[in-house]
Amino acid sequence: MSNLYATLLDRLSMPVAVVTAAGDIAYRNRAFDQTFGQDGDDWLRSAAVTLGGERGWLHGFFAEEQEQHTVEIELNGRMFRIEKVMSNPLEVPSAALVIEDVTLHAEAEQAKSDFTSMIVHDLRGPLSGIQAALEFVLSESARFGPMHEDLLKEASLESTRMMGLVSEILDFSKIQSGKFEVDYQTVMLTSILKRSVKSLQPIAGRDGVQLFSAHGSDLPAIEGSPEKLTQAIINLISNALKFTPSGGVVSVGCQALPEGTKPEHVVITVTDTGIGIAEEELGKIFDRYEQSASRSVRGESGTGLGLYIVQEIVEAHGGALEVSSVPGIGTSMIVRLPVRQPTWDLGESLLG
Amino acid sequence: MVAAGIKHSGVWATWLHLIEARTDHSDDLSLRGYCEILRNQIVREVVVRTQSGLAIPALSKAFLDDYSRFTLNAQEGYLVSLIDGQMSVENLLKVSPFDPFSTLFTVAKLLYVGAIELPE
């Protein structure tokens with residue numbers, strides 16, 4: 001390694017090492033020595049063992065075809081991110097690695113996630129109380145004039161919307177901390193689709209959008225979480241309503257595939273006659289915090305987490321989520337779910 | 001591509017073309033999505049054309065003269081049997097055994113093929 005590179009690398013605050021395919025450290029910068037001292041070799045050996053043995057370690061960094069390869073490992077109570085930044089910087093098979101101690105970062109992320117969960121939990125309680133109180137007052141709405149009734153309905157819809165936003169943040173927090181789990185049960189699709197549509201009819205009516213159930217009543221039961229799937233469907237319908245101008249149509253369809261007695265998948269579609277999504281935006285809409293401002297027709301804003309959460313729910317069920325859109329005509333969100341979740345058949349595997 | 005199809009051939013022709021393609025590629029989710037977008041557009045147009053269901057459809061002269069030249073499926077045939085020139089689309093939706101979305105789509109199709117017509 002030339003003096004120039006060695007000098008430059010020594011100026012970096014992050015540990016850098018060049019390791020050979022045999023597992024020896026051929027070069028280490030000053031930050032590496034400062035971080036790991038004379039135990040750098042031992043540290044790398046321990047990291048290799050943690051990553052599944054020396055062969056696993058070498059395989060990861062040297063057999064990978066891609067130029068970059070990153071792993072995160074926990075070692076001696078600290079969290080490290082090891083990134084291969086260059087293949088074969090030496091004449092022998094080797095890799096240049098940048099090692100970053102991300103313990104503080106991971107702890108901060110965890111603290112942020114815990115804090116968000118706590119705050120959101122605390123917000124849900126009073127919000128539920130407000131919703132229940134509004135529902136009760138609305139059930140007595142005959143006593144009020146039409147103006148007061150309209151205001152109460154508006155307050156009820158907005159509190160429902162706020163509860164949705166709070167729930168999204170809570171779900172996002174669970175996804176981030178790996179606590180997002182699916183409790184599999186038998187799901188009656190027809191029932192949850194109908195309920196989802198019914199629950200959003202007041203919002204559709206307020207916005208002058210016709211919301212239709214466009215599916216048969218003989219859909220197969222599938223395996224999944226009724227709560228999570230309802231949440232995903234409600235999220236997709238809410239999104240469609242949000243981006244559909246007055247006079248538009250939103251439909252919720254569902255079909256079993258293949259048609260017949262033993263379907264393997266169901267395909268749920270939530271389709272709107274909104275203003276559509278530009279082609280260059282289509283690839284980004286499932287990213288977290290992504291808000292498709294150009295589609296918004298009522299200036300409503302959300303957390304930008306809705307579609308990200310829907311995708312997580314669908315993927316947790318072994319399904320797929322796709323979008324089709326024609327700018328100026330409409331958008332369709334398409335969910336494909338397996339009717340049965342794949343199970344590990346121990347008996348079959350033992351028998352080969 | 002779909003937008004260009006609509007521009008050149010109209011919503012119905014594009015929808016029919018996509019449905020044909022979907023038969024060969026039933027696993028293609030995005031194709032399914034495009035079919036649904038056009039189906040929604042067709043329903044939206046028929047809602048506007050029927051003045052949100054207030055219009056009263058009637059059988060067309062062409063249909064009354066020679067109904068055998070219209071190839072209708074069971075659902076279309078059933079809805080045609082309900083059209084008496086007195087019932088509004090809104091009431092048709094109430095008596096139809098099919099869901100409102102399918103019924104409106106079928107009304108749109110019957111209008112498209114010229115089996116029924118709406119008053120000027």
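Modeller: A residue is buried if 20 or more other C-beta atoms lie within 10 Å of its own, exposed if 12 or fewer, and partly exposed in between, with the C-beta atoms placed from the backbone. This is a predicted model, in which local features need pLDDT of at least 70 and side-chain atom pairs count only at pLDDT 80 or more, while totals for chains, interfaces and linings use all residues. Residues are numbered from 1 along each chain as its sequence is written, and chains are lettered from A and ligands numbered from 1 in the order in which they are written.

Biologist: What makes helix 8 of chain A largely enclosed by the rest of the structure?

Modeller: Of the 17 residues in helix 8 of chain A, 14 are buried, so the helix is largely enclosed by the rest of the structure. In chain A, buried residues make up 30% of the 352 residues.

Biologist: Why is A:Gly178 called exposed?

Modeller: A:Gly178 has 8 other C-beta atoms within 10 Å, and is therefore exposed.

Biologist: How do you know that the length of helix 8 of chain A agrees with its number of residues?

Modeller: The expected span is 1.5 Å times one less than the number of residues; helix 8 (residues 226–242) of chain A, with 17 residues, should therefore span 24 Å, and its end C-alpha atoms are 24 Å apart, which agrees.

Biologist: What does helix 8 of chain A meet in helix 10 of chain A, and at what angle do the two pack?

Modeller: Helix 8 and helix 10 (residues 306–316) of chain A pack at about 145°, with their axes 9 Å apart; axes are lines fitted to C-alpha atoms, for helices over the stretch in contact, and angles run from 0 to 180 degrees between N-to-C directions. Residues of helix 8 including A:Leu229, A:Ala232 and A:Leu236 meet residues of helix 10 that include A:Leu307, A:Val310 and A:Ile313, where contact requires C-beta atoms, placed from the backbone, within 7 Å.

Biologist: What makes strand 7 and strand 11 of chain A edge strands?

Modeller: The open sheet of five strands in chain A has the order 7-9-10-12-11, with mixed pairing. Strand 7 and strand 11 each have a single partner strand, so one side of each is left without a neighbour in the sheet. Neighbouring strands here are turned by 15° against each other on average, direction ignored.

Biologist: How do you know that strand 11 and strand 12 of chain A pair?

Modeller: Two strands pair if DSSP finds at least two bridges between them, and seven bridges join strand 11 of chain A to strand 12 of chain A, which run antiparallel. Within strand 12, A:Arg336 stands opposite A:Ala320. Helix 7 (residues 189–207) of chain A packs on the sheet and touches strand 7, strand 9 and strand 10.

Biologist: Which strands of chain A each supply at least two residues of the side that touches chain B?

Modeller: In the contact between the chains, 26 residues of chain A meet 20 residues of chain B. Strand 7 (210–215), strand 9 (249–257), strand 10 (265–272), strand 11 (320–326) and strand 12 (330–338) of chain A each supply at least two residues of that side.

Conventions: Two residues are in contact if their C-beta atoms, placed from the backbone, lie within 7 Å. Helices (H or I, at least four residues) and strands (E, at least two) are DSSP runs, numbered from the N terminus.
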